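Here are a few exercises to work through with the model open beside you. Try each one yourself before reading its solution.

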Amino acid sequence: MAGNRRGDTSRAVLLEAGRAAFSRGRYEEISIVDLARSIGVAAGSISYHFGGKRGFYLAVLEQAAEEFWGEMHAMRGPALERLNRGVDRLLDQAHAEPGSFEALLADTADAQVRRIRDEHRERFALALAVELTDTDTSAVLRAAVLGWLSFIEGIAVHWLHSPELTREQVRDLIVANFFGTVLGAVRVDPEIVLAQRVVDALVSDPKLLAFIGFQPMNEVGKAEEK
């Protein structure tokens, strides 16, 4: 048992060091020998736990994706508050670990990296779509949410390299785009019924409603009565 605990600890230490290293430099720039030396372990430890540099790199990306999406799934509270906290968490990670964040997006030609990215994105998209409707939902909404995730990834990477955008601007763009995406899906598939908490979040922000050109159904009814 003690040996297993030491092995688990060693693996965790290596993964933590790998996340820091791959966030500072690209895969091909990282020397496993130098990395192992910097944390005081033999380079053979990486081969023992991960089968070599390639396996180590994939394990680092898998852990980063699992932790991030796991935190997103675990968030609780009012819908709009959770959305804002989730966006803040994503931007925090992009800023703190730009290398591993971009690797999951830029290495899309790499089938194994793409699998890690797509598996977590699709799982989260399904969970978010169900959260929006309280039921299993339409292919239109799932596709719309996946498109929104692609928008987030793209604008976050752009923000990392652009001094012209502030964090607040990026955050507001992501939130506004989310509501526009959801309402667009509803317009395409009228059978989508949004959960009441989502509707409440929408109507709680008049500026957002005006921006995306949405009028709540009760307001539409009042206008027709007049």
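**Exercise 1. How many helices and how many strands does the secondary structure of the protein come to?**

Before you count, note that this is a predicted model, where local features need pLDDT of at least 70, side-chain atom pairs count only at pLDDT 80 or more, and totals for chains, interfaces and linings use all residues. Residues are numbered from 1 along each chain as its sequence is written, and side-chain values use heavy atoms, with hydrogens and water left out.

Step 1. Apply the rule: helices (H or I, at least four residues) and strands (E, at least two) are DSSP runs, numbered from the N terminus.
Step 2. The count comes to 12 helices and 0 strands.

**Exercise 2. Is Arg121 buried or exposed, and which residues does Arg121 touch?**

Step 1. Find Arg121 in helix α7 (residues 111-133).
Step 2. Buried means under 20% relative accessible area, exposed over 50%, and partly exposed in between (1.4 Å probe, protein chains only). Arg121 has 7% relative accessibility, so Arg121 counts as buried.
Step 3. Look for contacts (heavy atoms within 4.5 Å). Setting aside residues up to four places away in sequence, Arg121 touches Trp69, Leu146, Leu149, Ser150 and Glu153.
Step 4. Now check the side chain of Arg121: one of its polar atoms lies 3.3 Å from the backbone oxygen of Leu146.

**Exercise 3. Where does Val193 lie, and is Val193 buried or exposed?**

Step 1. Go to the loop between α9 (167-188) and α10 (196-203), where Val193 lies.
Step 2. Its relative accessible area is 58%, so Val193 is exposed.
Step 3. Val193 touches Leu132 and Thr133, not counting residues up to four places away in sequence.
Step 4. The C-alpha atoms of Val193 and Asp134 are separated by 8.8 Å, although these residues are 59 apart along the chain.

**Exercise 4. Why is the pair of Phe50 and Phe56 tilted?**

Step 1. Rings of Phe, Tyr and Trp (its six-membered ring) pair if their centres lie within 6.5 Å; planes under 30 degrees apart count as stacked, over 60 as edge-to-face and the rest as tilted.
Step 2. The structure holds 3 aromatic pairs. For Phe50 and Phe56, the ring centres are 5.0 Å apart and the planes stand at 45 degrees, so the pair is tilted.

**Exercise 5. Which residues form one aromatic cluster?**

Step 1. The cluster is made of Trp148, Phe178 and Phe179.
Step 2. Beyond its neighbours within four places in sequence, Phe178 is in contact with Leu83, Leu128, Leu132 and Trp148.

Terms used
Polar contact = N/O pair within 3.5 Å; in protein donor to acceptor, adjacent residues only side chain to side chain.
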